[in-house]
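Subject: Structure handover, salt bridges

Hello,

Here is the structure for your files. My notes on its salt bridges follow below.

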Amino acid sequence: MKKRIKKTMAGLLAVLLSLTLTVSTSAAGFTDILSGDPLRMFFAILNMITTESDGKDYVERPLEQVEYTEEQLTQRNAIAELINHDLNRIKTEKPSFTKSVQRGLPGTNADQAMSIIDRISSIAGSIGDLLWGDKNPFDVDTILSSLGITSFFSDIGSSNHLSGMDCNDIVSVSGANFVSAIEGKDIYNNNPITKSRYDDSYTFKIYLQDAINPDENSAHAKVFDLFSDVQLYQTIASLAPDFDSDIIRIRYVDCYLEGRVDEDGNILEYTTHYKCILQIDTSEGAYDINQYIDSINNTEIYESEVTYSNFNWTPRQFGDLNNDGRISTADARYALQIAVGLEEVQEDTIAFGDANGDGNLTSADARLLLRAATGLETLVNPNA
C-alpha cells in the first residue's frame with residue numbers, strides 16, 4: 001500500500017513539474033486542474049494554452065446595433081456598394097484563384113504551439129489517470145477534434161479554384177450569399193477606400209461589430225463561415241451533463257474583411273478574419289457559476305483567417321493543361337504522362353484536358369491535344 005501511495009505521489013509530482021516547465025500559470029489554475037471536475041479541467045487547460053501572456057490582442061466593439069446619422073449611413077452604403085460590386089465580379093466572371101485557410105486555436109508559432117498542445121494533452125491525460133484511473137473521461141485531443149480544432153493555429157492549406165468553373169464555395173455560412181452581400185449598416189468603421197502609393201491598386205478594410213452567437217441571418221454570416229457553437233455545447237454536455245450551457249456565450253471579436261483591387265475593380269486579394277471568445281452570462285443567478293468564472297471568461301478558443309489571392313481574370317483556354325496561356329505539344333505530353341501514370345492527376349488537368357468527354361485523361365485525349373497543338377484539330381470542351 002505504501003509503495004502504491006509513493007508511486008502515485010511521485011507520478012503526480014512529475015506531472016506538476018512537467019506542467020510548470022510547459023506553461024506558466026497561477027495557483028488558481030492548478031486548483032482548477034486538480035479539482036477532479038473534467039469540465040473545469042477542460043476550461044483551465046484551454047485558458048492556459050489560448051490566453052495571450054500580455055493580455056487580449058483585440059479591441060472590443062459594441063454588441064448592439066450602432067445608430068448612424070443619415071450622412072454616416074450614406075457613406076457606409078457607398079462603401080458597401082463599391083465592395084459588393086468588385087467582389088461580385090468573382091461570382092459572375094469566375095476567375096481562377098487561390099484560397100488559403102487557417103483555423104484553430106489562437107497562436108503565433110505553429111510548430112511551438114503544436115509541441116505545447118501535445119505536451120499539455122499528455123499531462124492532462126496523466127492527471128486524469130491519477131484522478132479517475134481506468135475511467136478517465138478526459139481527453140484533450142478528442143475534445144479539440146470534436147470542435148473541428150486540429151492544432152493550435154494550423155494552416156489547413158491552400159486550394160486552387162479554376163477559371164470558368166463554379167466558385168460557389170465563396171459563400172456565407174448559410175450557403176447562399178456571396179461575401180458581397182454586406183450592407184452599409186453592417187460596417188462599423190468608416191475607413192475610406194485608399195489608393196496605394198506604390199501602384200494603381202486600392203485597398204479597403206471594414207470591421208463588423210462584435211456579436212454574440214451570430215446565426216445564419218446575421219451580418220457575420222454574410223462574411224464568415226461561423227464557428228460551430230453546437231459542437232462546443234455537445235462537448236461540454238458530454239463532459240458535464242449537469243452543466244447549464246445556456247450561460248455560455250461565444251463573442252465574435254476582431255471581425256473584418258479587407259482587400260485590394262486594381263483600378264478596373266479586379267480583385268487582387270481579400271481576407272476575412274474573426275476570433276471567438278468564451279464568455280459567461282452572469283445574470284443567471286440560479287446556477288452556481290462562480291467556480292467556472294476564472295476558467296471560462298474571456299478565453300480565446302478559436303480563430304479563423306481565410307485569404308483569397310492570385311486571381312487570374314484571363315479565361316483559361318480549354319486544352320491548356322499546364323496553364324501557360326496556350327495549347328502546345330507540352331500539353332499533349334503532359335496528358336500522355338498522366339495517362340501512363342507518370343504524373344499525378346489533378347482536378348484542373350481533367351477539367352481542361354478531357355477532350356473526348358469520358359471523364360478521364362487517356363492517350364486518346366493526348367492525341368487530340370497534339371492535333372490541336374499542330375493545327376489539325378479545333379478543340380471543343382465537351383463539358384461546356
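How many salt bridges does the structure hold? There are 11 salt bridges, where a salt bridge is a side-chain nitrogen of Lys or Arg within 4 Å of a carboxyl oxygen of Asp or Glu.

This is a predicted model, in which local features need pLDDT of at least 70 and side-chain atom pairs count only at pLDDT 80 or more, while totals for chains, interfaces and linings use all residues. Residues are numbered from 1 along each chain as its sequence is written, and side-chain values use heavy atoms, with hydrogens and water left out.

One of the pairs is R89 with E93, at 2.8 Å from N to O. Both sit in helix α4 (residues 70–93), four residues apart, so about one helical turn separates them. (Helices are DSSP runs of H or I, at least four residues, and strands are runs of E, at least two, numbered from the N terminus.) R89 is buried at 18% relative accessibility, whereas E93 is partly exposed at 43%. Buried means under 20% relative accessible area, exposed over 50%, and partly exposed in between, with a 1.4 Å probe and protein chains only.

D199 and R260 form another salt bridge, with their closest N and O atoms 4.0 Å apart. D199 lies in the loop between β3 (194–195) and β4 (202–207) and R260 in strand β6 (residues 248–261), so this pair ties together parts 61 residues apart in sequence. D199 is partly exposed at 35%, and R260 is partly exposed at 30%.

Salt bridges with shared partners also join E183, K185, D186 and K222 into one network. Within it, K185 and D186 have their closest N and O atoms 3.8 Å apart. D186 is buried at 9%, while K185 is partly exposed at 39%.

Regards
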